[in-house]
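Please read the following note with the structure open beside you, and take the points one at a time. Each point names a place to look and then says what can be found there.

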Amino acid sequence: MDAYGFLANVREKRPLVHHITNWVTISDCAQVVKSLGASPVMAHAAEEVEEMCGLASALVLNIGTLTREIVDSMKVAACAANKRKIPVILDVCGAGATSFRDRTCIELLDTVRIDVVKGNRSEIARVAGRHVHTRGVDSLFVTGDLGAIASELARKRGCTVVMTGAEDIVADSGKTLLIRNGVDQMATVVGTGCMAASVIGAFAGASPEDPTLAAAAALSCFGIAAELAAVGFAGPMAFKQQILDNLYALDRTNTRARQRIVE
Amino acid sequence: MDAYGFLANVREKRPLVHHITNWVTISDCAQVVKSLGASPVMAHAAEEVEEMCGLASALVLNIGTLTREIVDSMKVAACAANKRKIPVILDVCGAGATSFRDRTCIELLDTVRIDVVKGNRSEIARVAGRHVHTRGVDSLFVTGDLGAIASELARKRGCTVVMTGAEDIVADSGKTLLIRNGVDQMATVVGTGCMAASVIGAFAGASPEDPTLAAAAALSCFGIAAELAAVGFAGPMAFKQQILDNLYALDRTNTRARQRIVE
Amino acid sequence: MDAYGFLANVREKRPLVHHITNWVTISDCAQVVKSLGASPVMAHAAEEVEEMCGLASALVLNIGTLTREIVDSMKVAACAANKRKIPVILDVCGAGATSFRDRTCIELLDTVRIDVVKGNRSEIARVAGRHVHTRGVDSLFVTGDLGAIASELARKRGCTVVMTGAEDIVADSGKTLLIRNGVDQMATVVGTGCMAASVIGAFAGASPEDPTLAAAAALSCFGIAAELAAVGFAGPMAFKQQILDNLYALDRTNTRARQRIVE
């Protein structure tokens with residue numbers, strides 16, 4: 001597969017990506033979509049999420065700073081997205097940390113169609129029903145066959161599962177891809193996980209025919225932008241700025257030379 | 001007119017600019033006011049917005065991530081601002097995208113005095129009663145005489161209307177000004193529109209006697225900061241940082257040499 | 001005392017710092033904790049704050065964009081923190097600006113145990129019962145013996161009091177420390193005060209046995225990061241980025257050479 005082709009598609013189609021997300025990284029999530037050449041929009045009022053979804057090409061849900069009202073709006077928005085058959089990405093941010101987050105993930109997965117479930121290792125393991133120890137929104141060591149956990153959840157829910165980590169895993173019922181782009185320094189920056197979900201939203205919005213390939217391409221491009229940014233790493237904030245600016249500038253040559261997706 | 005004189009006035013008077021705004025760009029809006037040498041304050045609880053307005057020199061309302069509670073607080077705050085005769089700026093962010101946003105704009109314009117209505121082309125056209133197609137919070141092509149749309153809305157509402165675009169239009173019932181500062185790269189950054197409204201708030205707070213001239217000066221200075229930042233453009237995030245830092249440092253010489261306001 | 005030793009302790013223990021904070025600086029507060037090598041988590045729903053506190057090593061409360069629901073969640077979270085004897089830091093952001101903020105500070109101090117009360121001069125003076133004039137969240141001149149105001153409040157409430165300013169004061173019932181790190185340019189950046197509270201949270205979470213020394217060490221390290229960032233100051237945003245990046249990189253040599261804590 002050719003990750004750059006998916007990026008070029010985003011830049012050409014400029015999908016509108018509707019977010020209902022957390023208050024910590026909301027600005028970065030909007031900017032990462034904008035830096036890709038797509039259009040972000042953030043709206044969470046029950047009064048308008050359905051209508052906003054009517055304009056969008058993808059919906060990104062993130063449970064990072066959840067409230068009951070936000071969950072209700074997510075369900076309304078996801079129903080609207082399901083009707084229009086636009087991809088819905090759920091970032092299970094902090095799953096495993098509280099029962100409220102766990103219940104919300106299950107509630108969403110049970111009541112609406114989620115096309116891509118995305119989380120780090122402990123978050124995905126938790127949503128897959130494993131007992132995990134967490135540290136809030138940071139991942140802890142998860143034992144077992146990570147690919148099997150992702151595949152099992154993908155089959156059970158009939159969706160694409162993205163498990164981020166040193167090596168990202170993207171699985172659906174038929175295939176599993178490994179994405180070996182990205183660098184360790186991403187863990188020094190708040191919001192790389194949330195931004196990755198938004199990038200997946202933009203890619204899936206532009207290429208809705210295969211969310212799994214779109215997600216793999218998204219993670220590869222995001223990781224490549226980070227690899228380029230890590231050269232001369234000067235600290236987390238300078239690094240974050242460069243990830244976003246490199247995504248904006250990512251070209252065919254760099255992307256093709258650096259893409260590391262194992263199919 | 002002399003845009004720099006208005007900026008110098010902001011730096012001297014250091015107006016407190018109260019915001020009820022969205023969660024995406026709230027940090028940038030606060031910083032842009034701070035970078036001008038003024039004081040930002042953000043507060044949205046119905047319990048305190050009236051009192052906070054009692055301390056402020058201007059009020060900026062932005063409907064970017066609206067809820068019913070926020071609208072109610074906006075009305076309370078605007079009433080307090082009206083009583084104290086401090087300028088109220090309304091950024092009609094996303095007008096045209098949902099009926100909730102459209103209704104809220106009309107509700108605010110009908111129930112409180114708004115001194116400056118600010119939006120991009122499709123947002124202002126929508127508030128002026130035109131049918132528009134939008135892409136969330138990004139402007140789409142609007143046909144017709146843009147200056148006439150702005151002037152008509154200004155006369156109808158008895159306020160200043162700011163329509164941003166490649167050429168910004170600032171109109172009131174008696175005059176129309178064109179501001180030809182700024183660069184295309186501003187469209188790659190989330191929040192330039194919101195920040196522009198906050199800059200207008202600071203300028204109008206320091207020079208409340210003529211919100212139209214204050215708004216024109218604000219847009220000119222903001223655009224000049226962006227022009228200087230665009231030299232050696234290295235990506236949207238680096239560019240945003242430089243816009244904010246250039247505003248902090250903007251001097252008389254650069255501002256006077258670059259000001260392009262057509263009266 | 002040795003501020004670097006406290007920083008090294010944060011980096012080793014990587015405390016989880018739970019925040020219930022404002023929407024303006026929430027991203028910077030998360031990043032500053034991450035840049036220290038600790039783990040930030042932000043959650044404010046009444047449904048999950050108790051459980052999140054059960055995972056945390058410190059709790060940071062900030063009243064910057066308060067609502068009634070947020071106050072209720074703060075009380076639940078603080079009760080949970082009190083039971084587990086983890087330090088609770090209260091940033092009385094904007095105290096003196098509205099009676100809602102003043103009442104909330106008193107309500108929290110009266111109903112839960114606060115280990116560290118932190119504010120600028122006018123905020124702390126207000127919480128200590130003085131009449132002050134404020135400009136929103138920016139400090140105004142406060143007359144009188146600042147150290148005495150801080151000590152008096154510390155004795156009355158049986159807690160550590162942090163009063164930030166050109167010279168930071170950290171007082172408890174037995175001692176008063178002066179921290180002479182930091183630079184004037186910090187006043188050009190939105191969120192330095194909020195970030196300082198988060199840094200105190202991380203330091204107190206890693207060294208809960210003496211919140212006063214932990215707070216002094218935190219302010220010294222934060223101030224040193226700012227001093228290093230002020231070299232070649234290029235504007236508020238570049239400066240903020242460098243403060244955060246310097247905190248990440250702060251080493252023993254620089255910290256020991258620059259530490260200015262008067263015991």
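**Notes on the predicted model**

1. In chain B, the axes of helix α9 (residues 211-230) and α10(B) come within 8 Å of each other and cross at roughly 125°. Since this is a predicted model, the angle should be read as a property of that model. An angle of 65 to 115 degrees would count as roughly perpendicular and one over 145 as roughly antiparallel, and α9(B) and α10(B) are therefore described as oblique to each other. The crossing in which α9(B) passes α10(B) is right-handed.

2. Which residues bring α9(B) and α10(B) together? From α9(B) come B:Cys221, B:Phe222, B:Ala225, B:Ala226, B:Leu228, B:Ala229 and B:Ala230, and they meet B:Phe239, B:Gln242, B:Ile243, B:Asn246 and B:Leu247 in α10(B). Sorted by class, this contact has 10 nonpolar and two polar residues, with no charged residues.

3. Helix α10 (236-249) of chain B also has a part in the contact with chain C, for it is one of the elements that each supply at least two residues to the side of chain B that touches chain C, together with α2 (26-35), β2 (39-42) and α3 (49-53) of chain B. The largest share of that side, six residues, is supplied by α2(B). The contact takes 25 residues from chain B and 24 residues from chain C, and the side belonging to chain B has 14 nonpolar, six polar and five charged residues.

4. Turning to chain A, the reader will find an open sheet of nine strands with mixed pairing, in the order β2-β1-β3-β4-β5-β6-β7-β8-β9. Its edge strands are β2 (39-42) and β9 (261-262) of chain A, each of which pairs on one side only. Helix α2 (residues 26-35) of chain A lies across β1 (16-20) and β2 of chain A, and runs at about 155° to β2(A).

5. Within chain A, strand β7 (residues 168-171) and strand β8 (residues 176-179) pair in the antiparallel sense over four bridges. A:Ile169 stands opposite A:Leu178, which belongs to β8(A).

Conventions:
Residues numbered from 1 in each chain as written. Chains lettered and ligands numbered in written order. Predicted model: local features only at pLDDT ≥ 70, side-chain atom pairs only at ≥ 80, totals over all residues. Contact = placed C-beta atoms within 7 Å. Nonpolar A, V, L, I, M, F, W, Y, C, P; charged D, E, K, R; others polar. Pairing = 2+ DSSP bridges. Axes fitted to C-alpha atoms, helices over the stretch in contact; angles between N-to-C directions. Parallel < 35°, antiparallel > 145°, perpendicular 65-115°, else oblique. Left-handed = near helix turned anticlockwise from the far one by under 90°.
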